[in-house]
Amino acid sequence: MNGKVLIMMLLAAGGINLWASAPKGAITPEMMSEIRSAYEGSSADKAIHNAIANNGIDELAVNAANKNGFDTNFSHRVKSKGITNQRSSGRCWLFTGLNVLRAQMMSQHNLPKLELSQNYNFFWDQLEKANLFLQGVIDTSDRPTDDKTVDWLFANPLSDGGQYTGISENIMKYGVVPVEVMVDTYSAANTSKMRNLISLRLKEDGLELRDMIAGGAKKGDVEKRKVAMLGEVYRMLVLNLGEPPAEFTWTRKDESGKIIDTRTYTPQSFYAEYAGNDLKNDYVMLMNDPTREYCKVYEIDYDRHNYDGKNWTYVNLPIEEIKEMAIASIKDSTMMYFSCDVGKFIDRERGLLDVDNFDYESLFGVKFGMDKRQRILTHSSASSHAMTLMAVDLDENGKPRKWMVENSWGPGANDGHLIMTDDWFNEYMFRLVVNKKYVPENVLALLKQKPIMLPAWDPMFSEEQ
């Protein structure tokens, strides 16, 4: 006889009661009876079960009425310069930053075509992050392994995700090159295996450094060993991504294809000539985080890409104030680095982000009522993806109806762009980086505050991918 059947028969007969000693708060027979009553098993319930059992939830929850009247026109739009594709990588932050610069460079220098090499800057990003981890291990070597910062470091030795400071520090240090100078390799477009192997090596290296220091090794010997470890990382990166050029020759052409000039550049000189922005000092990083006090400056520990770089440091502001700066930038034909929780209520077929896209409440008969603050506190929402904010549609009173971003997922709906309703923007927009010339004086004055330091494991650390 089946053991499960025997147990059920004994329970029914009162021979044994496996639930008799259950602690308070456990599910009891009485509680189970009440729980089961929530499902009536009506014809409607059975029909919904049959539908969900054979279809995806999103397909069934589509709000059909919301598909009517989908408007793709915008009152103010910065011209897009072509859609890029990050493929199976977490480099959205890098694509976004380079796309913002590309649009500026093409406009200022009348370049008919230009794409900047994501692979070039990604190479240096991975090397810098490896050093950030190893030096972080050295700096915390006097702490036990179960210290929260030490534990966090070993859990996060390397990633391909990031945020704006990864752009600003990287480009100001290493410059940029056109995409044809250092094209994507398979590992650049499919980063997971390379990242996992380098991470595994880094964790082993981190343990070795801790053992060296615990054994009384001299600082010079520890530093020398760290450099050798970074040499191994460098070799692995070259084998996967190729070696970054120290200089290159590039031919500039006009719209007809006529050669204007052919010159030799370093990555730094190319950036200085065709862009030259002070990415560290001319921009303000903004956040809308309703879990914390507004008009305060916050800094997140270890939320940077370079050891000698700056942590993600932002001014926390109400969403309406952030919108005003975004609108001013778009009206002046200037794109922005923007990030949000892109996976929420996204209709990929139409390229539309709208809180009314799916009606989960009607499908399940359950209310989903958390606001933005509650979603952040419960780890239900955070910044997950960076894109290039480049359009807004304003009504007759100058209020936004919808927004548009240039995405890095390749061709798709709206020619690779995503449209966001203003209601969606309110709920799922998190970060924006704006040139200081679009920032009011009262907000700039806030930057004089000493930032409030947040730990590396804070929900707002969330990397864009």
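**Exercise 1.** In which loop is the place of R91? Classify R91 as buried or exposed, and list its contacts beyond the sequence neighbourhood.

*Solution.* The model is predicted.
- Step 1: R91 sits in the loop that runs between strand 1 (76-77) and helix 5 (92-109).
- Step 2: The relative accessible area of R91 is 0%. The cut-off for buried is under 20%, so R91 is buried.
- Step 3: With neighbours within four places in sequence set aside, the contacts of R91 are Q86, Q118, N119, F122, D160, D184, A188, A189 and Q465.

**Exercise 2.** Describe the whole protein by its secondary structure, extent, burial, contacts, surface and charge.

*Solution.* 
- Step 1: There are 18 helices and 14 strands.
- Step 2: The C-alpha trace spans about 90 × 70 × 45 Å along its principal axes.
- Step 3: Of 465 residues, 46% count as buried.
- Step 4: Taking contacts between residues at least 6 apart in sequence, 76% join residues at least 24 apart.
- Step 5: The accessible surface is about 23,100 Å², and carbon and sulfur atoms account for 51% of that surface.
- Step 6: The protein carries 53 positive and 64 negative side chains, with the centres of the two sets 2 Å apart.

Key. Residues numbered from 1 in each chain as written. Predicted model: local features only at pLDDT ≥ 70, side-chain atom pairs only at ≥ 80, totals over all residues. Heavy atoms only, no water. Helix = DSSP H or I, 4+ residues; strand = E, 2+ residues; numbered from the N terminus. Buried < 20%, exposed > 50% of the residue type's maximum accessible area, 1.4 Å probe, protein only. Contact = heavy atoms within 4.5 Å. Areas by Shrake-Rupley, 256 points an atom, 1.4 Å probe, with all protein chains shown as cover. Lys, Arg positive; Asp, Glu negative; His and termini not counted. Charge placed at Lys NZ, Arg CZ, Asp CG, Glu CD.
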